[in-house]
Amino acid sequence: MKHASIRAAATTAFSLVVLGALVLVLLPKYWVFLITAVFIVGIALQSLGLVTGRTGMISLCQMSFAGVGAWVTGYLNLIEAPGGLIAWVLAGGLAAVPVGVAIGLPALRLRGINLAIVTLGFAAAFDTVLATITFPGQTSFTQVVRPELFDSDRGYFVFILGFYGIIAVVLEFVSRSRLGASWLAVRHSERAAAAHGVSIPRAKLSAFAISAFISGISGGLLAGYLGTLVAENFSMMQSLALFAVSTMVGAHFTVGAIIGGILITLFPELLRRLSLPQDVGNVFFAVGAVQALSTGETISETCARLGRKWLPKRMTASTSDLSGHLPAAVAHEGGLALEVSDLTVRYGAVVALDKVNLRVPARTVVGLVGPNGAGKSTMVDAIAGFLAHYEGSVKLNGKPLEGCSATTRARAGIRRTWQTTRIAPELRVGEYIRLAAGPIGDAELAAILQWFDCPPAETPIASVDAGTRRLLDVAGVVAARPPVILLDEPAAGQSYDEALKLGARIAAIPEKFGSAVLLIEHDMDLVRRACSAITVFDFGRVIASGTPQAVLAMPVVQKAYMGIELEEAAE
């Protein structure tokens with residue numbers, strides 16, 4: 001995975017060097033000046049793409065963060081602080097971070113339109129503040145001093161391109177890290193991310209903090225570009241236009257940020273030459289954003305799709321190309337890995353679980369079966385920490401988990417899958433496994449994928465079918481080697497033969513990985529193959545427990561689960 005990150009970063013850096021050289025050699029001074037603004041706006045778009053594109057949150061105050069950075073840069077220039085523009089710009093970015101965190105705090109509770117209203121309100125408040133104060137140096141016409149080596153317009157273009165390239169390369173590495181994967185996971189499903197031990201508050205606040213830092217840098221660079229600034233440069237409408245363009249182009253991609261910068265910077269120039277009102281640009285951006293939302297594909301994603309179609313495919317290494325073996329099973333504590341006592345869950349007057357008792361010994365596979373609506377998924381939610389209230393107790397290796405969040409329980413050693421796959425399709429196979437399991441070596445990763453017959457680590461998850469994604473769900477939680485694994489209908493989407501093969505793999509998990517498994521499944525052949533014991537639910541109560549052969553032969557089980565008595569009565 002490190003090689004993939006280095007390759008992607010090198011490609012980004014090389015492309016920007018080539019693009020910069022072409023601009024300097026082929027274009028006159030005026031167009032170099034305009035394209036400098038393209039990359040400054042591109043930096044602001046990269047910051048917004050991190051929050052909106054990667055993490056799935058709405059921020060309508062991005063230019064307010066840029067305004068903070070610009071104000072600090074202007075002030076440091078006015079007092080002639082040491083360090084020059086580079087230091088001032090970085091200081092401006094850092095000054096925007098606490099503002100970004102403060103705006104990110106509501107995101108811990110709010111989503112969608114409610115979060116949009118909060119961020120828009122901050123942008124409006126910032127407009128009011130800027131209307132009552134002036135930017136440092138504005139009244140005295142004090143120009144922000146550029147670095148001596150980059151004082152000319154062509155030199156400042158190189159200066160800006162360097163900042164853009166550094167930010168793009170760093171974001172490339174971050175996006176392929178576990179932090180970057182956690183952002184995409186939060187965007188796709190916060191519950192699934194929490195089940196992997198991801199701290200949702202940390203993921204959201206880190207996204208807002210880094211985004212505000214980058215946006216603050218763009219504001220400082222804009223101060224050096226224009227020399228002096230006015231409040232209109234960071235108005236609420238500028239933030240709205242930035243959001244619309246980011247949605248349209250896919251600003252979390254490097255090429256998308258550049259395309260967005262071109263639209264925001266050069267489109268007004270085109271309107272001016274055509275003698276059209278500048279407001280036409282905002283209408284165009286809004287229509288483009290609606291189109292992207294309706295089709296589910298940004299301009300960047302369209303370009304990438306066409307590129308994959310037209311360009312020759314690069315050979316991808318298979319899992320067999322990497323020699324690796326599964327390390328020895330983790331030595332978890334013996335005794336009872338999971339103990340559920342008198343678990344009761346109520347939804348108003350409805351009792352979903354009624355004094356349920358369940359025990360899963362360490363390094364065993366226990367099945368949990370029952371008809372639809374029996375309470376199996378409620379049981380899993382309660383054990384994994386996704387229910388706010390329940391009665392009774394859940395113990396992991398003898399330690400009670402009451403009061404622990406889903407993230408805390410996942411980190412303690414309870415991992416789960418879901419009835420429907422919740423993997424972020426933007427991830428690659430290896431990135432998802434590392435998100436679920438934590439840091440593991442390339443050889444171990446390849447061995448796990450091979451053991452589950454999953455695609456190679458570099459395979460985009462968007463390109464694999466639903467059945468394979470179910471296998472990746474299982475592989476991810478198993479690779480974490482927790483004390484307890486909760487598998488919720490893992491055979492969904494599998495053929496009969498594939499389900500039996502998966503059953504054999506599940507039966508081998510305790511020996512190979514050291515984990516105990518609680519298997520929720522309707523496929524009785526898979527249950528018989530994988531489980532050493534099963535518990536049967538009906539209407540939120542345990543009606544039978546024991547070996548699969550003994551339990552499935554009980555009349556009460558056949559009546560509740562298989563409906564045999566009902567069929568006999570009909571005959």
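Colleague: What is the strand order of the open sheet of six strands, and what is its pairing?

Modeller: In this predicted model, the order is E6-E7-E8-E3-E9-E10, and the pairing is mixed. From one strand to the next, the twist averages 20°.

Colleague: Why is one side of strand E6 and of strand E10 left without a neighbour in the sheet?

Modeller: Strand E6 (414-416) and strand E10 (541-546) stand at the edges and have a single partner strand each, so one side of each lacks a neighbour in the sheet.

Colleague: How many cavities of 30 Å³ or more does a search of the whole structure find?

Modeller: Two cavities are found.

Colleague: Which residues lie nearest the centre of the largest cavity?

Modeller: Of its 16 lining residues, Ala192, His196, Arg422, Ile423 and Tyr432 lie nearest the centre. Helix H8 (190-195), helix H16 (429-437) and helix H18 (466-479) each give two or more residues to this lining. By class, the lining comprises ten nonpolar, three polar and three charged residues.

Colleague: What makes the lining of the second largest cavity six nonpolar and six polar?

Modeller: The residues that line it include Gly74, Gly137 and Gly227, and Gly counts as polar. The lining therefore divides into six nonpolar and six polar residues, with no charged ones.

Methods. Residues numbered from 1 in each chain as written. Predicted model: local features only at pLDDT ≥ 70, side-chain atom pairs only at ≥ 80, totals over all residues. Heavy atoms only, no water. Pairing = 2+ DSSP bridges. Helix = DSSP H or I, 4+ residues; strand = E, 2+ residues; numbered from the N terminus. Axes fitted to C-alpha atoms, helices over the stretch in contact; angles between N-to-C directions. 1 Å grid on protein atoms, 1.4 Å probe; cavity = no way out; pocket = protein on both sides within 12 Å on 5 of 7 lines; lining within 4 Å. Points joined across faces, edges and corners; volume = space filled by probe spheres on them.
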